[in-house]
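These are my notebook entries on a structure that I examined residue by residue. The model is shown first, and the entries follow.

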Amino acid sequence: DGIGWEGWAIWKSTDNGSSWSVVDKYFMYAAGESHPMQIATKGNDVYVCGYVWGYGGTPSLANAEWLVKKSSDGGASWQITDHWWANLGDNICNSITTSASGDIFTTGFSNNVDSYVRISADNGTSWQQIGYFPGAGRASNIEVSPNGNLWVLIGNNIYTGVYTLGSWNWSGPFSITGTGFGNVAYQKVGGLEIVSNTHAYFTGRISNTWRIFETTDAGVTWSQIHSRSGEGVTIKVLSTGEILSSGNRNVSFSEHYNEIIKSVDGGSTFNLVMQKGAVSLEEEGGFLIELQNGDILSLGKRSLDEQMMVYRSTDKGSTWSQASIITFYDRFYSEISDYAEDSLGNMYTAGWIYNVDPLDPSEPYVIMKSSNNGATWTQSDYIKQSGVDHYSDLVEVNNLDNVFFFYYSYDTGQSTLRMSTNQGTSWSNVDVI
């Protein structure tokens with residue numbers, strides 16, 4: 001439809017994660033991308049931070065622009081509250097949080113090396129810069145401790161901000177580890193969880209290992225308390241004291257697992273409590289949410305069809321069951337690979353459709369037909385087979401106006417030649433290779 005490549009979408013659930021609906025779908029530029037990175041709430045207000053860019057340069061001439069959006073009516077409408085860039089490079093807002101006093105904080109970076117912290121003290125109406133860390137690397141997480149101090153993760157270092165005498169004063173860097181963290185969950189780095197003014201946890205990835213670190217002196221020093229194969233995406237200390245961490249374990253290119261580990265002894269030991277995924281049904285861990293009713297939700301990605309899998313635990317993370325699937329079908333990802341026209345003026349296209357059914361993420365091929373010079377199109381031939389992906393990339397018309405096309409089945413390795421002798425009204429197989 002000519003709108004962007006990757007879009008910004010926000011989902012909402014009013015039944016504790018059993019079902020979801022899209023409340024915001026957004027493309028700032030017709031040719032480009034819009035990415036939401038994190039969500040935060042303040043009372044009934046919802047804030048989302050991220051970034052946008054336009055193909056060939058955004059109107060600001062920056063490669064990418066920092067963006068914050070807000071809704072005050074349950075997602076029915078949204079307004080841009082911060083649209084900002086520090087320079088003409090990449091300006092990425094990575095994380096957003098709110099404090100008990102009502103301030104809203106964001107952090108991110110520009111040009112991959114300079115990081116910033118911004119504040120709004122008036123519900124997003126205006127924003128000011130309160131932290132600048134040139135050359136420090138990428139800021140990825142911001143959290144507020146109970147005493148109102150800020151913790152910002154930049155690279156593999158923590159910086160802390162204290163508001164005194166009318167200004168923010170920063171300390172750090174305090175190294176979590178001497179080795180840099182790799183990206184997890186696409187563009188995130190890991191999860192920071194503050195327990196008290198002095199106590200916090202961080203989980204992330206170093207090389208191919210899932211690491212968990214702990215501090216008890218307000219982030220000045222850190223110790224590693226757990227390591228396992230995979231990568232840590234998020235960590236959550238429940239209101240009842242249990243610690244859950246969600247992450248990924250990639251065995252091979254086509255074998256990925258969404259895993260959750262749990263500690264009931266303050267992080268001394270962790271045990272695997274959930275593993276979802278299989279060969280060719282890859283899943284990846286994402287975020288953990290503790291609901292007001294005490295249930296825990298795990299939101300992760302099913303890689304096969306890019307849908308979000310939601311699992312629920314009613315026993316503090318010890319056991320899990322599927323709660324729902326978050327789907328987005330507003331725009332099919334599809335491809336047209338070939339075109340042909342017969343002597344009667346009928347037009348035919350061959351291609352495939354991605355992302356059709358969340359319960360069966362197989363990809364069908366489709367042959368489309370137009371008899372009015374492309375003004376309207378109808379489906380001429382379509383096959384969807386459970387567990388098998390199909391792709392059609394050749395269509396031809398012979399001198400008798402018979403129409404032929406090949407389709408290939410990825411999972412079986414077969415190629416099939418099909419033919420129509422009545423301008424695409426019906427089709428039959430000619431040969432299977």
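Is S72 buried, partly exposed or exposed? I found S72 partly exposed, because its relative accessible area is 43% and that class lies between buried (under 20%) and exposed (over 50%), with a 1.4 Å probe and protein chains only.

I note the basis of these entries: this is a predicted model, in which local features need pLDDT of at least 70 and side-chain atom pairs count only at pLDDT 80 or more, while totals for chains, interfaces and linings use all residues. Residues are numbered from 1 along each chain as its sequence is written, and side-chain values use heavy atoms, with hydrogens and water left out.

**Surroundings of S72.** I located S72 in the loop between β5 (65–71) and β6 (79–84); strands are DSSP runs of E with at least two residues, numbered from the N terminus. Leaving aside residues up to four places away in sequence, S72 touches N44, D45 and S77, a contact being heavy atoms within 4.5 Å. With D45 there is a polar contact between the side chains, at 2.8 Å; the term denotes a pair of N or O atoms within 3.5 Å, one able to donate a hydrogen and the other to accept it, and residues adjacent in sequence count only if both atoms are side-chain atoms.

**A four-strand sheet.** I then traced an open, antiparallel sheet in the order β15-β16-β17-β18, where strands pair if DSSP finds at least two bridges between them. β15 (190–194) and β18 (223–229) each have a single partner strand, so one side of each is left without a neighbour in the sheet. Strands β16 (residues 200–206) and β17 (residues 209–215) are joined by seven bridges. T203 has I212 in β17 as its bridge partner.

**Aromatic rings.** How many aromatic pairs does the structure hold? I recorded 17; rings of Phe, Tyr and Trp (its six-membered ring) pair with centres within 6.5 Å, and planes under 30 degrees apart are stacked, over 60 edge-to-face, the rest tilted. F181 and F202 form a tilted pair, 4.8 Å centre to centre with 55 degrees between the planes. F181 is in the loop between β14 (167–175) and β15, whereas F202 is in strand β16, 21 residues apart. F181 counts as buried because its relative accessibility is 12%, and F202 is buried at 0%. I also listed one aromatic cluster formed by W66, W84, Y116 and Y132.
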